[in-house]
Amino acid sequence: MGKDRKGLSKKNKGFSLVELIIVITIMVILAAVIGIAIIRFINKARKQVDVETAETIYKAAELAMASTDEEVQQAWEQNTGRTKYTVTANGETYQMEIIAWARGSFDYDNRNGEFKHGWDGLDSQWPWVLELKANLIQLGGKNYNTPYEVLPFKYRKTKDPYGRVTQYADSWMIFRRVADNRNKKGDDYAVEVWIGYKRNTADGYGTNTVLPFYRLYPDTDKRFYDD
């Protein structure tokens, strides 16, 4: 009987140190791989939420374009006089101009947490932007651009793909194509929602301007998902 117990104890002596190290190493590798996969999944989900928010902004902009209010229509049709941007999205290169912008992440207050045209003041496009904001409230309730609120980015690490600035994207931007730059549907003045960065004179730049990073809606720029 004692002999059997002795043989049994030899067979069940447990893992050796080398075996334990191998098991722990495998667990660490698996944890790292799974962790990276989870982070990628979370980032992709956050980006998708941003695209859905951009779609809501786009719908509000389209409703404003279709407004029967004469003042709104005059504001929409007027030349903005702003810088024309040459951009590329999904292999297509064209020109566009800024219509409205709002902060989407940090450094915002009651002056720039809501959509507006221009950089900080009210000008000829303002009636259209007022219509836009009214539509946003109807589409999304009080959480969309009510006073002192902002439409937040869920994914906050989108950098300038053109390398012009090192800052992350901080603003929603509504652009329209300039004349003779029709979209695939053949529309002039088509609205697009982008994310980008507002470059300020306070940051040491010569002029206030906006820098578009990625088109989110319609036809989301594929580079946004790879960022």
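Here is a short tour, with something to select at each stop.

Before you click, note that this is a predicted model, in which local features need pLDDT of at least 70 and side-chain atom pairs count only at pLDDT 80 or more, while totals for chains, interfaces and linings use all residues. Residues are numbered from 1 along each chain as its sequence is written, and side-chain values use heavy atoms, with hydrogens and water left out.

**Stop 1: a helix and its greasy patch**

Select residues 17-65, which make up helix α2. Helices here are DSSP runs (H or I, at least four residues), strands are runs of E with at least two, and both are numbered from the N terminus. Now show the side chains of V18, I22, I26, L30, I34, I38, F41 and I42: they form a nonpolar surface patch with about 770 Å² of accessible area together. Such areas come from the Shrake-Rupley method with a 1.4 Å probe, and for residues only the protein chains shown count as cover. To join a patch, a residue needs over 30% relative accessible area and no salt bridge; nonpolar side chains (Val, Leu, Ile, Met, Phe, Trp, Tyr) are joined within 5 Å, like charges within 9 Å.

Is I26 buried, exposed or partly exposed? With a relative accessible area of 45%, I26 is partly exposed; buried means under 20%, exposed over 50%, and partly exposed in between (1.4 Å probe, protein chains only).

**Stop 2**

**Stop 3**

Most residues other than glycine have a negative phi, and most peptide bonds are trans. Zoom in on Y217 and P218, which are joined by a cis peptide bond with omega of about -5°. P218 sits in the loop between β5 (209-217) and α5 (222-226). D219 is in that loop between β5 and α5 too, and has a positive phi of about 55° although it is not a glycine.

Next, pick N90, in the loop between β1 (84-89) and β2 (92-103). N90 is another non-glycine with a positive phi, about 50°, and is partly exposed at 26% relative accessible area.

**Stop 3: salt bridges**

How many salt bridges does the structure hold? There are 10, each a side-chain nitrogen of Lys or Arg within 4 Å of a carboxyl oxygen of Asp or Glu.

Start with E97 and K84, whose closest N and O atoms are 3.6 Å apart. This pair links distant parts of the chain, with E97 in strand β2 and K84 in strand β1, 13 residues apart. E97 is buried at 3% relative accessibility, whereas K84 is partly exposed at 34%.

Then select R177 and E192, which meet in a salt bridge at 3.0 Å, N to O. R177 belongs to strand β3 and E192 to strand β4 (residues 191-199), 15 residues apart. R177 is buried at 3%, and so is E192 at 4%.
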